[in-house]
Structures are given as structure tokens and as C-alpha cells.
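Visitor: Hi! Could you walk me through how the helices pack here?
Guide: Happy to, let's look at it together.

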Amino acid sequence: MRVGVYFLPGDPAEYLTHEALVNLAPQELRERMNLASSPLERLFSRPMGTSLVSGKPVWSLIRDSFLRTLSLTLLTVLWLGLISTALLYTSRRSKNLERLLDVFSVAIASTPLFVAGPLILLIFSLKLGWFAVSRSVWLPSIVLALYLSGFWYRNLKGRLEEYYHRSAVRGARSRGLSESKVFLKYLLMPCLGGYVGFLAAQLSSLLNGSLLVELIFQWNGIGLLLNDAILSRDYPIIEGSLLLLSLLTIVILFLGEQVRIRWESKLK
Amino acid sequence: MIFGFPGGEISATEYSIRHSLLIGHDAFGRSCLALTLVAARKTFLEIIPLLLVSLAASLALAYLRHWLRETLESWFSFWVDSFSVLPGLLIALSWSAYFPGSTPALWAATALMILPYLMRLWDGIILEIQLRQDFQSTLALGADQWHLFKAHFAPTLFSQVVALVPFLFTRLILIEVTFTFLGVGGVSQTESWGGLLFQGKDYLLEAPWILISVSAPLFLTLFSFHLLSKTEKT
């Protein structure tokens with residue numbers, strides 16, 4: 001990104017002021033963007049500074065937006081866990097239900113977020129009034145969880161398949177344990193480590209989905225901040241947001257993998 | 001003819017004049033059915049060459065990667081794996097901020113999202129072929145690169161490509177519609193599916209039929225390709 005702004009031909013300050021994207025004089029914009037310094041200084045200067053549009057510190061804007069996205073993501077993960085578990089449990093009841101849920105998961109995966117989101121908003125917020133139209137985290141998290149549940153259901157079903165025919169499960173059933181206890185203790189619990197690892201690996205799809213959901217439901221998270229920054233070519237916010245999200249993805253991926261390895265070694 | 005030969009932009013207004021009203025008008029008085037068909041045509045004409053180029057580029061890069069020196073190979077893997085785990089939509093969207101709104105920018109952003117995924121896929125398949133006993137024995141007997149490619153890689157990769165095409169179609173359609181919904185690619189004379197959905201979102205309360213009439217064909221297209229990819233896998 002830095003190479004794109006600072007090293008490709010052309011003057012980014014002239015471009016931004018010419019396109020009326022930033023309301024500053026070119027010289028002031030050049031000072032803010034540090035274009036007067038040497039190439040090495042430009043490349044390794046602090047990634048965050050002040051926003052070109054609002055003049056506010058980039059870190060404070062990103063921090064506030066990130067906390068809102070974090071609340072949306074955590075709630076989405078909770079709903080996702082509940083919905084996926086319910087779908088997996090229901091699919092074990094009968095073959096017909098399993099086939100129906102397979103078709104249902106494909107149907108969900110075929111409905112883009114920006115189609116399902118506004119329709120759900122129309123029905124549950126505007127017509128029925130069950131949820132607030134904007135600035136509420138409940139409906140966006142449910143919509144995002146529903147959208148991802150189709151994909152998660154199919155993946156987790158594949159993971160659970162290898163545990164269905166194990167002797168521990170057969171033994172538990174023969175001892176008269178209820179189906180729900182067998183499902184929770186002998187199927188879901190062994191998969192939990194892999195579930196956490198899978199969740200960490202799917203963080204990128206969660207963040208991608210949160211961008212669209214924040215746009216539809218006007219939730220002031222980092223996705224909406226990034227989208228506004230892209231439209232107004234506010235490069236410090238774009239750089240800062242991507243840096244934070246990339247670091248977060250790598251750290252969570254590493255932690256998720258560690259949890260999965262330790263959980264599976266404990267089970268053995 | 002709606003799905004005619006590619007060549008030039010088609011104005012939705014022209015279609016509205018020739019096609020009768022079926023579902024409703026959008027905010028500018030154009031037939032929703034005509035708009036949807038024009039947008040679908042535009043999407044397919046953009047997706048097909050993008051699919052072919054992505055497949056060819058990813059296959060070539062993944063194949064060449066295995067014949068690089070170890071240091072270069074590990075660096076290559078690092079960048080491909082990094083791109084595939086990072087939020088691709090946000091990165092591609094941010095990348096498009098550095099280039100003015102244009103169709104090539106849209107194609108490049110779409111390719112940025114699909115290439116890492118494809119390269120990891122081919123990587124796994126090529127590695128699996130290299131570990132096979134028949135490949136190892138052919139290599140030990142001193143077969144040249146062309147013979148190895150023709151006898152071992154080409155049959156497996158070709159069958160995987162055929163099985164993967166419907167799934168890739170859904171993925172590329174979804175990516176293209178998402179980008180045009182978010183405004184990547186600028187404004188063109190022909191409406192895109194994503195642009196129509198954006199308009200439908202804005203007029204949700206006053207004219208919900210705009211969103212419904214545009215999203216129903218999109219859903220049916222994606223659903224059909226998903227079912228086709230599941231059938232091909234089995």
C-alpha cells in the first residue's frame with residue numbers, strides 16, 4: 001500500500017485535491033502525507049497518523065470502530081455456534097431431515113448477505129418492529145451467523161462423521177444414554193478443539209462478512225470505517241485498518257492452532 | 001438477443017423499450033426484468049474470461065512453484081498462504097482505492113481474491129501426485145518434464161478443473177456482485193447485478209420489488225451452480 005501511494009508515478013496529493021476527495025490545499029496535504037521526506041523515511045514512518053479527511057488521530061478512530069466490530073463478531077460466533085450445533089443435532093434425527101438440511105445449507109450459501117440482510121431488515125425491523133433499524137448489534141449478528149451457518153454446517157458435519165462410528169459412541173448408546181448426551185459428550189466435545197481451530201481459520205470470512213453487514217445495518221464498525229476511507233481515499237485509515245486486521249488474523253490463527261493441537265493431544 | 005456475442009455496452013433503456021413490463025419498474029422507470037437480464041449477461045461475459053485466466057495463471061504458478069529452489073519456494077508459499085488467510089475482500093477493496101474506478105480494477109480485485117485459493121488447491125494436488133509411487137518411479141527412470149506433465153499431472157489436473165468449474169462460477173459471481181455492490185469498477189452504461197442490488201437496498205421500503213426481482217434470479221443461478229458442483233463431486 002505504501003509503495004502504491006508513495007512510489008508509483010504521480011503526485012497523490014494533487015490527485016486527491018483534484019478529485020475533490022480531500023478538502024485541503026495540496027501543500028498542506030503533502031505535509032500530512034509526509035511526501036517531502038526521503039523514500040526510506042516514507043516507507044518506515046509510523047503507519048498511523050491523522051486522517052486526511054477529518055484530521056482526527058487514526059488510532060482513536062480505528063480503536064473505537066474495532067471495539068464495535070469485536071462486539072458484532074463475538075455475538076456472531078455465539079449465534080453461529082448455537083445454530084450450527086442445532087443443525088448438526090437435527091441432522092442426526094433422520095435421513096430425510098439430513099437431506100433437507102443439506103439443501104437448506106446450500107440455499108443459505110446461495111443467498112448473498114446483501115440480499116438476505118435488507119430483506120430481513122424489511123421484515124423484522126420495518127414491518128414487525130422486533131429489532132431497531134440501525135445502531136443495534138442483534139440483527140446484524142443474527143444475519144451474519146445465518147449466512148455463515150450453511151458453510152459451517154457442511155464443514156462441521158464432515159468433521160463429526162469420523163466420530164460417529166467410533167466404539168465410544170456405540171458403547172454410550174448401548175449403555176442407554178440419551179441421544180442428546182451422546183451427541184454433546186461423545187461427538188461435540190472431541191471436535192471442540194478442531195472447532196476452535198476452524199473458527200480461527202475462518203476469521204477472514206467473518207471479517208469479510210462483517211464489512212457487508214455493517215454497510216447494510218449502518219453499524220459503525222471497522223468495516224464501515226474502511227469503506228468510507230476507501231471512498232474518500234483516506235490512505236492513513238486504510239493502512240492502519242489493514243495493518244490491525246492483518247495482525248489480528250495472524251495472531252488469532254496462531255492461537256487457534258495452538259488450542260487445537262493441545263486439545264487433540266489431551267484427548268489422545 | 002440477450003445472450004448474444006460480446007461487443008459493446010448495452011443500455012438497459014434500450015431493453016426496456018423492447019421488452020414488456022413483467023415485475024415492475026425501478027426508481028428510474030426501467031423494467032426490472034430487462035435490467036436483471038442485462039446485468040446477468042454482463043456478469044457472465046465478465047466471469048467467463050476471468051475464470052479461464054485465473055485457472056491458467058494459478059495452474060502455471062502452482063506447477064512452476066514446485067520446480068523452484070527451496071528458499072524461493074518457501075517465500076512463495078509464505079505469500080500465497082498469507083493472502084489466503086487474510087480477509088481477501090477487505091484487502092482487494094483497499095487495493096482498489098489506489099486505482100480509479102475502472103473495469104480492469106474490478107478484474108484485478110476479483111483475481112486477487114480467487115488466485116490464492118486456487119493456488120493452494122493446485123499445490124495440494126501437485127504435491128499428492130509427486131508423492132505417488134508411479135510418479136517417483138517415472139522420475140527415477142529419468143523421464144523429462146514434458147513426459148511427467150503429460151502422463152501424471154495433466155490427467156489429474158484436468159479432471160479436477162472440470163469438477164471445480166461450477167463451484168468457481170458461484171464464487172466468481174459472488175465476488176463480482178459483491179464488488180459491484182460496493183462500487184468497485186466505477187460507473188458503466190450497463191447496470192451490474194451489484195449496482196441493481198445497491199439501488200434495491202436504497203428503495204427497500206418504497207419499492208421492495210426491485211430487490212426481490214433482482215435477487216431471485218441471482219439466488220437461482222447460485223443455487224443451480226452449487227447443486228451442480230455437489231453433483232460433480234459425488
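Visitor: Which residues in H7(A) meet H11(A)?
Guide: From H7(A) come A:Leu113, A:Phe114, A:Gly117, A:Pro118 and A:Leu121, and they meet A:Gly209, A:Leu212, A:Val213, A:Ile216 and A:Phe217 in H11(A). Contact here means heavy atoms within 4.5 Å. The residues of this contact divide into eight nonpolar, two polar and no charged. In that count, Ala, Val, Leu, Ile, Met, Phe, Trp, Tyr, Cys and Pro are nonpolar, Asp, Glu, Lys and Arg are charged, and the others, Gly among them, are polar.

Visitor: What should I know about the model itself?
Guide: This is a predicted model: local features need pLDDT of at least 70, side-chain atom pairs count only at pLDDT 80 or more, and totals for chains, interfaces and linings use all residues. Residues are numbered from 1 along each chain as its sequence is written, chains are lettered from A and ligands numbered from 1 in the order in which they are written, and side-chain values use heavy atoms, with hydrogens and water left out.

Visitor: At what angle do H7(A) and H11(A) pack?
Guide: Helix H7 (residues 113-127) of chain A packs with H11(A) at about 35°, their axes being 10 Å apart. Axes are lines fitted to C-alpha atoms, for helices over the stretch in contact, and angles run from 0 to 180 degrees between N-to-C directions. Helices (H or I, at least four residues) are DSSP runs, numbered from the N terminus.

Visitor: Is the crossing of H7(A) and H11(A) left-handed or right-handed?
Guide: Right-handed, so the near helix is turned clockwise from the far one by less than a right angle.

Visitor: Switching topic: how many residues does each chain put into the contact between chain A and chain B?
Guide: Chain A gives 38 residues and chain B gives 34. The area buried between them is about 3300 Å², with 79% of it from carbon and sulfur atoms. Buried area is the accessible area (1.4 Å probe) that two parts lose on being put together, summed over both.

Visitor: Which three residues of chain A supply more of its buried area than any other three?
Guide: A:Ser110, A:Phe114 and A:Asn208, with 17% of what chain A buries against chain B.

Visitor: Where does A:Asn208 sit in the contact of H11(A) with H4(B)?
Guide: A:Asn208, with A:Leu207 and A:Leu211 in H11(A), meets B:Gly88, B:Leu89, B:Leu90 and B:Leu93 in H4(B). By class, that contact has five nonpolar, two polar and no charged residues.

Visitor: And how many salt bridges are there between the chains?
Guide: Zero between chain A and chain B, though the count over all chains is six. A salt bridge is a side-chain nitrogen of Lys or Arg within 4 Å of a carboxyl oxygen of Asp or Glu. One of them joins A:Glu98 and A:Lys95, with the closest N and O atoms 3.6 Å apart.

Technical notes
Helix = DSSP H or I, 4+ residues; strand = E, 2+ residues; numbered from the N terminus.
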